[in-house]
Amino acid sequence: MLQDALADAGYPGRVLVACSGGPDSLALAAVAAYFGRRGHVDGHPISVGAVVVDHRLQPGSAEIAAATVEALRELGLDPVQLRTVEVAATGMGPEAAARDARHAALEAAADDTDAAAILLGHTLDDQAEQVLLGLARGSGTRSLAGMRPVRGRLLRPFLGLRRADTLEICVVEGLDPWHDPSNADPAFARSRTRVEVLPMLEEKLGPGVAESLARTAAILQLDADYLEDVANDTFARLQERSGTELSLPEAALRELAPALRFRVIAKAAVAVGGQQPSYQRLLAAEALLRRQGSAGPVELPGGVSVYRLSLAQLLEAEQSAPAGVPREGARCGKLVFRPQKPPQE
């Protein structure tokens, strides 16, 4: 699987394994080290290093990180970096904050070592858990599509392997992985999904649930990619800018299929400095298209207001414009997206 992942990524010559010391990432490090010792993959040169990120969220994390660094060096990986991060308290929750801090550290390590790819040890079980969490939260296609095998420099070669397979690799290689106690902590939704929900589904529905969920993610990734491409093209064609504001013609928006309409509205909000709106906020913004006359504003996350200007208002504004001011030649109303604060220089 690692060979296939590296081939899909164009055979990056230098890679880093992101390793926590757990069985999944340690097994990945052992497989990658094999190719590193050979010096090539399918005839393409390769060198393999590693990076260990210490989040300092648990007692003894420094000792665990140091032991992991030593284990990676014994496997022959070089260089092996240890990165210590500060996990900031944010409204995203501790898991999301730790993930963001970790990914920033991984990207920095890749920059420092000129690595073209970062290998992550997520397994098929992780993918199944991700899909279940997306279902429970009522997320859209993008979330249900799960984790990508390739995303930028991040590669996940083990998305087709079960967690039991990585444990077996560690046994065969004589490795002693660290088992993170937070993975079984019921305080975290992902841990409850792993320890309680997925095993219960396998028991009640029969084996193969995890594989089916992962297969669903793979199918939805294709659908999400297609819709994203069409939405990008549509947004680029429809958007009209005036200073810090952005507008979309309502007649063209109404003609779009709902799946595209919501995506285009979300892209407009992000384009003026906002954040990805929730489904509820998108519904509220899209409902402006069915209002008479002026309507709104609807507040979107990230400090963006969206409101509807009717055709009559636009024509009135054109007729009252001073001489010499260009007229837009309005033919329909618009949804206007306005940042509440001017963008930072």
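Let's start with a helix pair: α8 and α9 are roughly perpendicular to each other, because angles of 65 to 115 degrees count as that. This is a predicted model, by the way. Helix α8 covers residues 189-205 and helix α9 covers residues 209-238. Their axes come within 9 Å and cross at roughly 110°. Who makes the contact? On α8, L198, L201, E202 and L205. On α9, V209, A210 and L213. By type, that contact has six nonpolar residues, no polar ones and one charged.

Next, the cores. The largest nonpolar core holds 31 residues. L6, V17, L72, L75, L77 and L119 touch the most other members. Elements giving two or more residues include α1 (2-8), β1 (14-18) and α3 (61-74). The largest share, eight residues, comes from α2. Apart from this core lies another, of 27 residues, with L248, L253, V304 and L335 among them.

Now the sheet. Five strands make an open, antiparallel sheet, in the order β9-β10-β13-β12-β11. Which strands stand at the edges? β9 (240-242) and β11 (295-300). Each has a single partner strand, so one side of each is left without a neighbour in the sheet. From one strand to the next, the twist averages 25°.

Look inside the sheet. β10 (245-249) and β13 (334-339) pair over four bridges. P249 stands opposite K334 in β13.

Last, the helices on this sheet. α11 (258-271) lies across β9, β10, β11, β12 and β13, and runs at about 165° to β10. α12 (279-287) packs on the sheet too, touching β11, β12 and β13. Its direction makes about 160° with that of β11.

Note on methods. Residues numbered from 1 in each chain as written. Predicted model: local features only at pLDDT ≥ 70, side-chain atom pairs only at ≥ 80, totals over all residues. Heavy atoms only, no water. Core = buried A, V, L, I, M, F, W, Y, C linked by side-chain atoms within 4.5 Å. Buried < 20%, exposed > 50% of the residue type's maximum accessible area, 1.4 Å probe, protein only. Axes fitted to C-alpha atoms, helices over the stretch in contact; angles between N-to-C directions. Parallel < 35°, antiparallel > 145°, perpendicular 65-115°, else oblique. Contact = heavy atoms within 4.5 Å. Nonpolar A, V, L, I, M, F, W, Y, C, P; charged D, E, K, R; others polar. Pairing = 2+ DSSP bridges.
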